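User: I would like to learn how to read a single-chain model, one feature at a time. Please give the general idea and then the case at hand.

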Amino acid sequence: MAAYIIVDVDIRDRDRYAEYVKAVPPTIAAFGGRFLVRGGRAENLEGGWQPKRIVVLEFDSLERAKAWWASEQYAALKRVRQSASVTEMIVVEGVP
């Protein structure tokens with residue numbers, strides 16, 4: 001069953017975050033993941049959520065998504081992202 005990592009990113013250091021954006025795609029692809037949404041315009045339809053930068057990743061399974069997030073390949077880039085932004089991130093299983 002597919003799984004999705006959904007991220008809301010508040011970028012604090014644009015230059016440092018740009019390094020992350022350039023380097024992260026191969027790490028995602030190595031775990032069979034792909035971008036579905038990557039920072040396009042977001043508009044609130046209900047409630048008080050005011051997202052900054054939305055990213056949605058798709059993986060073949062919850063296990064693959066979590067393996068990417070915990071991987072050695074992603075570890076250094078995760079630290080770059082964390083130093084350049086404040087992030088809310090969840091992983092959720094799709095519908096069978």
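Predicted model: local features only at pLDDT ≥ 70, side-chain atom pairs only at ≥ 80, totals over all residues.

User: In what order do the elements of the chain run?

Analyst: Read them from the N terminus. The order is β-α-α-β-β-α-α-β, giving 4 helices and 4 strands. The radius of gyration is 13 Å, close to the 12 Å that the globule rule gives for 96 residues, so the chain is as compact as a globular protein of that length. The C-alpha trace spans about 30 × 30 × 15 Å along its principal axes.

User: What share of the residues counts as buried, and what supplies the exposed area?

Analyst: Of the 96 residues, 33% count as buried. The chain exposes about 6,200 Å², with 52% of that area supplied by carbon and sulfur atoms.

User: Which residues have the most contacts inside the largest nonpolar core?

Analyst: The general idea comes first. In soluble globular proteins, nonpolar side chains tend to be buried together. Here the largest nonpolar core has 19 residues, and Ile-5, Tyr-20, Val-24, Leu-57, Phe-59 and Trp-68 have the most contacts inside it. Two or more residues come from each of β1, α1, β3 (53–59), α3 and α4. Strand β1 gives the most, with 5 residues.

User: Which residues of helix α4 are buried, and what covers them?

Analyst: In α4 (residues 72–84), Tyr-74, Leu-77, Lys-78, Val-80, Arg-81 and Ala-84 are buried. Their cover includes β1 (3–11), α1 (14–23), α2 (25–29), α3 (62–69) and β4 (85–93). Beyond its neighbours within four places in sequence, Tyr-20 is in contact with Tyr-74, Leu-77, Val-80 and Arg-81.

User: Why does Ile-11 count as buried?

Analyst: Compare its relative accessible area with the cut-off, since buried means under 20%. Ile-11 has 18%, so it is buried. This residue is found in strand β1. Leaving out residues up to four places away in sequence, Ile-11 touches Tyr-17, Arg-53, Ala-84 and Ser-85.

How values were computed: Residues numbered from 1 in each chain as written. Heavy atoms only, no water. Buried < 20%, exposed > 50% of the residue type's maximum accessible area, 1.4 Å probe, protein only. Contact = heavy atoms within 4.5 Å. Core = buried A, V, L, I, M, F, W, Y, C linked by side-chain atoms within 4.5 Å. Rg over C-alpha atoms; globule rule 2.2 N^0.38 Å. Areas by Shrake-Rupley, 256 points an atom, 1.4 Å probe, with all protein chains shown as cover.
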